[in-house]
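Colleague: Could you take me through the helix packing and the buried parts of this model, with the cut-offs behind each term?

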Amino acid sequence: MTPTFRPRWFVAGDLNGFFGLVVDNLSILGFIALALVGIFGFPAEVVYTKMFPGTALGVLVGNLAYTAMARRLAMRTGRDDVTAMPLGLDAPTSIGMALLVLGPGFLAFRQQGMDAQAAAIATWQLGMASLVVMGLLKLALSFCGDAITRWVPRAALLGSIGGAALTLLGFLPLVETLRSPVAGLVTFGLLLYVLVARGRLPVRLPGVLVALLIGTTLYYALGLAGLGMPGFALPQGVTLTFALPVPTLQFVDGLAATVPYLPLLLPFGLLMVVGGINVAESARAAGDDYRTRDVLLVEALSTLVAGVCGGVAQTTPYIGQPAYKHMGARHGYTLLAGVFVGLGGVFGYLAGLVQWLPIAVLAPIIVYVGLDITVQAFQATERRHAPAVALAFLPSIAYLLVIKLGNPAWIAPEHHAALYNAADGHGLPELAAIVTLGNGFIITAMLWSTALVALIDGRTRRAAAVLLLGAGLTLFGLVHSVDPRGGIYWPWTLEGLPRLIAWQFAGAYVVLAALLALLSLQKERPGAA
């Protein structure tokens, strides 16, 4: 009888993998804290003691499961080079949650008359409920993920997230990077050197870690020498707080508040399912044959665990499994990283690390992620579909303007409302057109890109059907919502300018769909491709 193969729990390459995976998760947690505390004025205590523990628990649960899957595969195949699937917080949707759901949700609760603490707790419940909604969607779609990729073209899936990556993950964090130019730009340049140019360093340490250390040293050295930017101050002493994430039904109180954000949450969940399929295929190509359904189920369950236990950012398997394999990592790195992040949320040292890492140093990592996702949107798509990818970027640019122009510190709410309703005799008010295009931007991008791919492929009737779907979604505010918050509604409840905008946009889709349907009846010209 052949003895059972027992792979080693840890190898030297697991240390590199550990640093890479932990830094990825730290950078995302840092940006969530930056957005909520720094941009929206969120109480830090709620972020660090209520949101972080549950979010970190999801990372722990997912990495433990992927570690077990890798060890089982190694034992079954008798191989000692099996690399575990890395799992962490998804950068685009985590940052999207902070900027597009949690932050605006907090401001909306404040406008309802809640004090900061009460609004923060209500926002926390909204975040938990959002994760539960996305987790349940991912759980259901885990069994039909392949069918989704057949229905929605890759250009639409990658283009919609690529546009969000370029604007929300690229531009907004770049602004934060340049608010402390020396530390920020140096960090960003070093990241480009080690991650894009694949440049060598004189030390045998992960390039991302080296860039973070140099940027952080510059930030504090310049600040202590009086050469830093205005407002420099050392972080206050960090008090480690024990916060055990336990299951709670408080997410139920936040379910009603998720309704206006469903046009964002549902695509977020869908994109993670498609991403999980692509990641499983990537690992398979690298030699590790994980069952796609198992990969997706772990992703869904870890997101659900995080949501029920207080988390606000969904987990996902990272696309870089082959890169971790090239580092020499096996399955010890996911075990180490999961335990480090999970316990960090419980004992509070994650909050301490996030508070001491300057935003100008963390933000460049997010910019790089945005660039990488944007490039992938083009590279992983057929060349003839590239116009559809580019088209999918435009609605996200509109939403970027919505975020900036909707900031009451820039434009007073009364003036914003006046601009939204200002008629100048040349059609709809310009601000109204921008806001309408930006609301539901991810679904809009997917619809536009899907229709254009169908046209490029000669499937004109399919394009017409997609446009009719767009008309229906427009009437209910799932795309092109005329609600300033991007909420959904019954079309017959609208009045005045909002009613006009909704029916004009829906009518535009219907007319274009009808014209395309008529054009599809033409006989093909001789010699036409």
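Colleague: In which loop does S142 lie?

Modeller: This is a predicted model, in which local features need pLDDT of at least 70 and side-chain atom pairs count only at pLDDT 80 or more, while totals for chains, interfaces and linings use all residues. Residues are numbered from 1 along each chain as its sequence is written, and side-chain values use heavy atoms, with hydrogens and water left out. Helices are DSSP runs of H or I with at least four residues, numbered from the N terminus, and S142 lies in the loop between α4 (116-141) and α5 (145-151).

Colleague: Is S142 buried or exposed?

Modeller: Buried means under 20% relative accessible area, exposed means over 50%, and partly exposed lies in between, with a 1.4 Å probe and protein chains only. Contact means heavy atoms within 4.5 Å, and, leaving aside neighbours within four places in sequence, S142 is in contact with R293, L296, L297 and A300. Because its relative accessibility is 5%, S142 counts as buried.

Colleague: How are α19 and α20 oriented towards each other?

Modeller: With axes fitted to C-alpha atoms over the stretch in contact, and angles from 0 to 180 degrees between N-to-C directions, helix α19 (residues 441-456) and helix α20 (residues 460-475) pack at about 165 degrees with their axes 7 Å apart. Angles under 35 degrees count as roughly parallel, over 145 as roughly antiparallel, 65 to 115 as roughly perpendicular and the rest as oblique, so α19 is roughly antiparallel to α20.

Colleague: How many nonpolar residues does the contact of α19 with α20 have?

Modeller: Among the residues that meet are I443, L447 and A451 in α19, and A463, V466 and L473 in α20. Ala, Val, Leu, Ile, Met, Phe, Trp, Tyr, Cys and Pro count as nonpolar, Asp, Glu, Lys and Arg as charged, and the others, Gly among them, as polar. By class, the contact has 3 polar and 1 charged residues, and the nonpolar ones number 10.

Colleague: How are α8 and α15 oriented towards each other?

Modeller: The axes of helix α8 (residues 207-224) and helix α15 (residues 359-379) come within 9 Å and cross at roughly 150 degrees. That crossing angle makes the α8 orientation relative to α15 roughly antiparallel.

Colleague: Which residues does F441 contact?

Modeller: In the largest nonpolar core, of 109 residues, F441 is one of those that touch the most other members; such a core is a set of buried Ala, Val, Leu, Ile, Met, Phe, Trp, Tyr and Cys residues joined through side-chain atoms within 4.5 Å. Leaving aside its neighbours within four places in sequence, F441 is in contact with L100, A164, L168, L264, P395, S396 and Y399.

Methods
Helices (H or I, at least four residues) and strands (E, at least two) are DSSP runs, numbered from the N terminus.
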